[in-house]
Amino acid sequence: MSDHTSHDQDFLEDGIPHVSAKEYLAGFALSVVLTAIPFWLVMAKVLPTPAITTLAILAFAMAQVVVHMVCFLHMNPKSEGGWNLLALIFTAVLLVIVLIGTLWVMHHMNSNMMPATHDMQRMQDMQ
Amino acid sequence: MSESIALNHADGSPVFLDTEGKHHPENGTLLGFWIYLLSDLMVFGSLFATFGVLAHAYAAGPSGGDLFDLRLIAANTAILLLSSITYGFAMLAMLKRNVRATIGWLLVTGMLGLAFLAIEVYEFHHLVHLGAGPQRSAFLSAFFALVGTHGLHVLFGVVWLVVLCVQVGKWGLNRTTTRRIACLSMFWHFLDVVWIGVFTFVYLMGVL
């Protein structure tokens, strides 16, 4: 950590990112906008269908996660020699597998489930 | 290529001298803590997946649209976001070695964390009072498990903040306390990232 070698920085642990107020304020301003818009979209029912609103708020959520990662958690390809970012990408891949995989598998199980007893009773009554 | 010269101790075990001064990193705590946070993220990922599967399993009970008050959630989101920037100010004060400002901003962050928890406890109490407790339906079990786990993390974060304020007050800012402040900063911002998922998936999509 060559940028810490000056004597007055000795109280700082190695590897603490040198953050700036500008970084935090930019992250905060962006987050406020990216939070306010989805709340407004849902509370004021701006968009025509719930499906479009869902897609829109998911896009805003993903954008805000990136803003937090860069501005607040100081992710960049160089921190800790790249290991921070590599671990994050690995976890993101696992998360996508767990989330999409679970929803996919459980949705199919649900669709192909044998009808429960009371459903069959109802079907018989209808005949 | 790093060159090293191998010597032997008296008992025959080797001694390694790194001639290029590329000794191993003195400290892996920040990276290790980041790895812990990512494993915690997997815990939340499983809870999110569970909630996603059970999100419509109302058991003829109330749905999110019947129960959630988005104004309350908007207030909580604002509080948590504000606490992220106040923690950022604590980090900036720490880099300038300003002990009093660091403790002050950490305390402000802790107060915001407590306000968040107070609103969440009020919300949970209100839901249980309505008969919409975790035992009512699979949807509500998954809801309380996910949001409750996030709330517990915030609670532990507040406890940690108080402990750090005491330590910084006692020992000032040194390598140990700055390392702990940097770790808690990651923890705190991480909780805000998880909250983005909670308010989007659980609350906003719940009332759609």
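The contact between the two chains takes 43 residues from chain B and 42 residues from chain A. On chain B, helices α1, α3 (70-95) and α6 each supply at least two residues of the side that touches chain A. The largest share of that side comes from α6(B), with 14 residues. By class, the side of chain B that touches chain A has 26 nonpolar, 12 polar and five charged residues.

This is a predicted model. The predictor gives the complex an ipTM of 0.84 and a pTM of 0.86. For chain B, the mean pLDDT is 91, and 91% of its residues reach 70 or more. Where pLDDT is low, the predicted coordinates should not be read in detail.

**Helix packing in chain B**

Two packed helices are described by the angle between their axes and the distance between the axes. In chain B, α1 (residues 29-54) and α6 (residues 175-207) have axes that come within 10 Å and cross at roughly 15°. An angle under 35 degrees counts as roughly parallel, so α1(B) and α6(B) are roughly parallel to each other. Their crossing is right-handed. From α1(B), the contact draws on T29(B), L30(B), F33(B), W34(B), L37(B), F44(B), F48(B) and F51(B). From α6(B), the contributors include M186(B), F187(B), F190(B), V194(B) and F201(B). The residues of this contact divide into 15 nonpolar, two polar and one charged.

**Chain A**

Chain A has four helices and zero strands. Along the sequence the pattern is α-α-α-α. Of the 127 residues in chain A, 17% are buried. Among its contacts between residues at least 6 apart in sequence, 48% join residues at least 24 apart.

Most residues other than glycine have a negative phi, and most peptide bonds are trans. K45(A) has a positive phi, near 50°. R97(B) also has a positive phi, near 55°.

| Residue | Loop | Other C-beta atoms within 10 Å |
|---|---|---|
| K45(A) | between α1 (21-43) and α2 (50-72) of chain A | 11 atoms |
| R97(B) | between α3 and α4 (99-129) of chain B | 16 atoms |

Why is K45(A) exposed? K45(A) has 11 other C-beta atoms within 10 Å, and a residue with 12 or fewer counts as exposed. R97(B), with 16 such atoms, is partly exposed, because that class lies between the exposed limit of 12 or fewer and the buried limit of 20 or more.

Conventions
Residues are numbered from 1 along each chain as its sequence is written. Chains are lettered from A and ligands numbered from 1 in the order in which they are written. This is a predicted model: local features need pLDDT of at least 70, side-chain atom pairs count only at pLDDT 80 or more; totals for chains, interfaces and linings use all residues. Axes are lines fitted to C-alpha atoms, for helices over the stretch in contact, and angles run from 0 to 180 degrees between N-to-C directions. Angles under 35 degrees count as roughly parallel, over 145 as roughly antiparallel, 65 to 115 as roughly perpendicular and the rest as oblique. A crossing is left-handed if the near helix is turned anticlockwise from the far one by less than a right angle, and right-handed if clockwise. Two residues are in contact if their C-beta atoms, placed from the backbone, lie within 7 Å. Ala, Val, Leu, Ile, Met, Phe, Trp, Tyr, Cys and Pro count as nonpolar, Asp, Glu, Lys and Arg as charged, and the others, Gly among them, as polar. pLDDT is the predictor's confidence in each residue, from 0 to 100.
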